[in-house]
Protein chains: 2
Amino acid sequence: MVKTIEWVDGKVHMLDQSRLPIEVVYIECKDYLKVAEGIKKLWIRGAPAIGIAAAMGLALAAQEIKADSFELFMKRLEPACDTLLATRPTAVNIQWAVDRIRAFLENHRDESIEKLKGVLIEEAKKILEEDVAINRSIGIWGAQFIHEGDTVLTHCNAGSLATGGYGTATAPMLVAREQGKKFSVIADETRPVLQGARLTAWELMEEKIPVTLITDNTAGALMKRGEINLAIVGTDRTVRNGDVANKIGTYSVAVLCKEHGIPFYVAAPLSSIDFSIQSGDQIPIEERGPEEVTHIFGKCRIAPEGVKVRNLAFDVTPARYVTAIITEKGAFRPEDLKELADPRADLERLKIQLKQ
Amino acid sequence: MVKTIEWVDGKVHMLDQSRLPIEVVYIECKDYLKVAEGIKKLWIRGAPAIGIAAAMGLALAAQEIKADSFELFMKRLEPACDTLLATRPTAVNIQWAVDRIRAFLENHRDESIEKLKGVLIEEAKKILEEDVAINRSIGIWGAQFIHEGDTVLTHCNAGSLATGGYGTATAPMLVAREQGKKFSVIADETRPVLQGARLTAWELMEEKIPVTLITDNTAGALMKRGEINLAIVGTDRTVRNGDVANKIGTYSVAVLCKEHGIPFYVAAPLSSIDFSIQSGDQIPIEERGPEEVTHIFGKCRIAPEGVKVRNLAFDVTPARYVTAIITEKGAFRPEDLKELADPRADLERLKIQLKQ
């Protein structure tokens, strides 16, 4: 499987996903500014992936720091933290990664600055490896929802390319396939940036999972014809009450699912859950420039010059539309999600476990 | 306003809408085969427009016919009728136009063949002129639903370009603007062929009606934010019970409207209403080739080579999602639509008339 991001010889190698599926090109990032550029320009995207990128960006920044004390080192790391946090506001994973790196550094405050720089690289790589393991767990908890003969709708890309590997929404598909289930996937193309057409369809074809591409506006008609059995999507930020922010169009899919009695699942690693926010209306929703809508790949114009455009990059699906949230600790009802913030919660009692 | 189609010096001039908004190019059709090609390839599209094209195509075909009797003339017109009817199955307007032309010719069966050829051209032109008048009436009956300060969502293109002029879904907008109402329009781009982005946004900008372009998957989020007050769409075929076939994605818009308590209106000239069909599941739904989805303008590839694609060109919105059907005879509840098939129906009693 193509690597989304990798630490190689003191640099960050980042697949430029904006060129997929036409070209497979890696950008070599020598400093955190290049990593930040890659996040803003969507060379790398997908909530878990940009969290990993932020961690690696901080590791790169750390290598350049000249400091003779821990406090000075942390102070000189701040600009990199700020820059990376400012790239994109909706996914919580960059904040999560920055918080984790800061906490890690605090725990190593008595080490030499040189030692710190070294272990920070190891921690960034560990974040990537853990992400893959987390996704595998999500796959195990989510595979129960895919039955023999099902057609699964997915939106945007929450596959390997959105993560350190394996994917979140795709993880249950990979595990269900290992379990020997026969099923197929419908990927909606996900305008404007076409992550579904360019990335999800590509990944699933590489994995030899049967996939059919549709335009975003076709899902309703297929549900009405009984051709979709369930939907699984990822999330950029899911909050305490189970409201889910994800790629624009997710809310429309959820409403359609509800109208047709179709289950709607959200694959959400804990790194994408923000317990500090009570409900979805408090999630910042990024709006991006018009050219993503008016031009394909920056070159093929599809609208009149100067047309006014509204380009919301994300939307919020209220918890009541969500059948279950699949985390690495199990699948839960959205109303039970807040229990995961409590270390003493009895998760066994709350987990959804279908008879297979 | 740019003319969609025109009879000029014994030929049919057809705007090639597949090249809009980048180029404004007319194709000169010297025979009915070229007209049929234009319908299949979407140089001309929109239900009323393809009906007019079919009528003009038959007028072209008639000019070539050598016959010494009416029966032979009608027999030699059949291949043109068949070819035009076979171009696209969903809109009822081609059948309507062919039926009208045949009935017209029957009524003139005692004329000379040369005279027939001449009056047929006049009848085809009359169909175009009547279409504009019909659309104006639709505008008058529909403008009541647009209130001061409203934001109107529309889908696909049911404007001037979809008709002989003036448009069906756009007609209420043009009349409301005449009435001095301030309002704005949101046009969703309408993948895969992008009639919303390429045609509707272009037309409305030409008309100086405020329009904002969105991707199809953004409508739900805007409705949830309270930013859309009503939706008006056209139709390719509306049937006896008020079920509505229209461009793919219409059904999703209707479901979203219902979820948000937003009125959903369908502008439907009588030429697009098929009383011979009882309900929407009997409407033939065209499926088109994958390249419309995988390539933009036939050249910009956005998906992996060989990806499986499902390209439904239309969907069916059941009557229960429709607030009112706006015809040239008035706006009616979908459950009352069948009354329009009865020449003795008391339409005054059935018409929807809001206090203004």
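1. Let's start with the whole structure: a search over all chains finds 53 salt bridges. A salt bridge here is a side-chain nitrogen of Lys or Arg within 4 Å of a carboxyl oxygen of Asp or Glu. Please keep in mind that this is a predicted model, in which local features need pLDDT of at least 70 and side-chain atom pairs count only at pLDDT 80 or more, while totals for chains, interfaces and linings use all residues. Residues are numbered from 1 along each chain as its sequence is written, chains are lettered from A in the order in which they are written, and side-chain values use heavy atoms, with hydrogens and water left out.

2. One salt bridge inside chain A joins A:Glu71 and A:Arg109, with the closest N and O atoms 2.6 Å apart. A:Glu71 sits in helix 3 (residues 70-85) and A:Arg109 in the loop between helix 4 (93-107) and helix 5 (113-142) of chain A, so the pair ties together parts 38 residues apart in sequence. Helices (H or I, at least four residues) and strands (E, at least two) are DSSP runs, numbered from the N terminus.

3. Now look at where the chains meet. Chain B and chain A each bring 58 residues to the contact, where contact means heavy atoms within 4.5 Å. The buried area between them is about 4,600 Å², and carbon and sulfur atoms give 63% of it. Buried area is the accessible area (1.4 Å probe) that two parts lose on being put together, summed over both.

4. Which elements of chain B touch chain A? Those giving two or more residues include helix 7 (195-206), helix 8 (219-224) and strand 15 (314-317) of chain B. Helix 9 of chain B gives the most, with six residues.

5. The rule finds six salt bridges across this interface. In one of them, the side chains of A:Arg191 and B:Glu189 meet at 2.6 Å, N to O.

6. The chains also share strand pairing: strand 14 (residues 308-309) of chain A and strand 6 of chain B pair in the parallel sense over two bridges. Two strands pair if DSSP finds at least two bridges between them. A:Lys308 has B:Thr212 as its bridge partner.

7. Finally, the symmetry. A rotation of 180° with 0.0 Å of shift along its axis superposes chain B on chain A (RMSD 0.0 Å). The two copies are thus related as by a two-fold rotation axis. The superposition is by least squares on the C-alpha atoms of residues with pLDDT of at least 70 in both. The copies meet through the same surface, because 100% of the interface residues of chain B are also interface residues in chain A.
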